[in-house]
Amino acid sequence: MGRHIYVHNPFCVRKCPYCDFYSITDRSYAEKYYKAAAVEARFWADYGKRYDSSSDDGPDTVYFGGGTPSCVPEGLVCALLETVVSSFGIGSDAEITLEVNPASFSIEKGKAYKKSGFNRLSMGIQSLDDDVLKTLGRLHDSKGALIALDAAFDSGFTNVSADFITGVPGQTVDGIIAGLRTIVDKGIRHVSTYSLMIEEGTPFFAKYKDNIEELVPPETERAMYHAVRGFLAGKGIMPYEISNSAAPGLESRHNTAYWDGRDYYAIGAGAHGFLNSVRFGHYDDVGSYIDSLDFLTEANVDALLGHAGETADPVEGLLYCEERLSLEDRMREYPFLKLRTSKGIDISEFKERFGSDFGDVYKDVLQKNINKGYLKAEGQRIFLTESGLDFANLVMEDFL
Ligand code: SF4
């Protein structure tokens, strides 16, 4: 596998009422922020490779997520990508994705993104039902989403993914499928569908915590989930992960690296990375991020990521350690990550990575879940069955 680099854009035009990702609406920081992110990118390109075990072969991936990267001037985004590409020496076969929002995307922006090196867009369409979009507090309506989608293809992108949300109050299975049919007819070949989660601290939490009867019942949400997967599969857009479906060859290589337990860099306030068996995060604070880059030194990163000492020291105002994984931790995490994917657990790969037989280590858990009909073993692979998908979290937690 090549290098995998995540870059966070923490700006949004407005905060959606269900969202608990780190983002701010004050875009006056954008210019300083993007300059700071370029400094961070150059640092990791120079120094991070000593901690990156994924860089031996295979294509690189770069993912600009958010927030809403398309809501800041495109020149900032393109200049940062150019810094990332030149300082890391990103290969020409890399997958380079940009998240965009229909409300802030245009054909001019698309052309600029394409020219600077992005070759994949992920568009947050969420729904083509105007009532659902209104409930979600999105800035676009269905017409705006379709105009943005046309602009994405017309600006030269052929690899465009669409995000959809299921389980929204007032949403119906027929409505979701109608929306998916429209985007598939327009040429979408990768779809990510996420169930609406009511996260603590969001306006949706305050609104629905005492009114759960207004939410979509779990059985309806599961019906939506299976209808989406079935419909897309019928169009040749095959489920390859719990929330993702793609035409063969268009699976997200960047996200696949996460599910494969690979190392990845993280750049920007709120971004999370994984290097040298350490999960680390950037503090959720744009101001502190801009002001603290002087602390991004080799000695401080060694204290965070190095294994010489027992403690992982934070880098002031910038980075902190979320967890440091032992080989045993990584072995436990392997089925947790792999069961998300349709290929599932590869028992020969497990043996290669950890030197143990999967069947010996997880004998009881495996048998229990096979007996329940949640897991299936076929050759070297173990994966979730259709009914297992409805209990995926419980099955995965069983392995932890
Ligand atoms: S646009 Fe995306 S990141 Fe921004 S608030 Fe809405 S859901 Fe969150």
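Predicted model: local features only at pLDDT ≥ 70, side-chain atom pairs only at ≥ 80, totals over all residues.

Visitor: Which domains does the chain have?
Guide: The domain assignment gives domain 1, covering 4–258, and domain 2, covering 327–399.

Visitor: And what separates their centres?
Guide: Taken over C-alpha atoms, the centres of domain 1 and domain 2 are 28 Å apart. Where the two domains touch, ten residues of domain 1 are in contact with eleven residues of domain 2.

Visitor: What area is buried between domain 1 and domain 2?
Guide: About 810 Å² is buried between them, and carbon and sulfur atoms give 43% of that.

Visitor: Which residues in domain 1 lose the most area to domain 2?
Guide: Those are H226, E241 and I242, which together make up 52% of what the domain 1 side buries.

Visitor: How many salt bridges are there across the interface?
Guide: Two salt bridges are found between domain 1 and domain 2. There are also eight residue pairs in polar contact between the two domains.

Visitor: Which elements supply the domain 1 side?
Guide: Helix α8 (218–234) and strand β7 (238–241) each supply at least two residues of the side that touches domain 2. The largest share comes from α8, with four residues.

Visitor: What about R222 and D390, how do their side chains meet?
Guide: They form a salt bridge, at 2.7 Å from N to O.

Visitor: OK, new topic: sheets. What's the order of the open sheet of three strands?
Guide: The order is β13-β15-β14, and the pairing is antiparallel.

Visitor: Why is one side of β13 and of β14 left without a neighbour in the sheet?
Guide: Because β13 (345–346) and β14 (375–378) stand at the edges, each with a single partner strand.

Visitor: How many bridges pair β13 with β15?
Guide: Two bridges join β13 to β15 (residues 381–384), in the antiparallel sense. As for D346, its bridge partner in β15 is R381.

Visitor: Last one: where is V365?
Guide: V365 lies in helix α15, which spans residues 363–371.

Visitor: What does V365 touch, leaving out residues up to four places away in sequence?
Guide: It touches D398 and F399. V365 and F399 are 34 residues apart in sequence, yet their C-alpha atoms are 6.8 Å apart in space.

Notes. Residues numbered from 1 in each chain as written. Heavy atoms only, no water. Pairing = 2+ DSSP bridges. Domains from an automatic or database assignment. Contact = heavy atoms within 4.5 Å. Buried area = accessible area lost by both parts, 1.4 Å probe. Salt bridge = Lys/Arg side-chain N within 4 Å of Asp/Glu carboxyl O. Polar contact = N/O pair within 3.5 Å; in protein donor to acceptor, adjacent residues only side chain to side chain.
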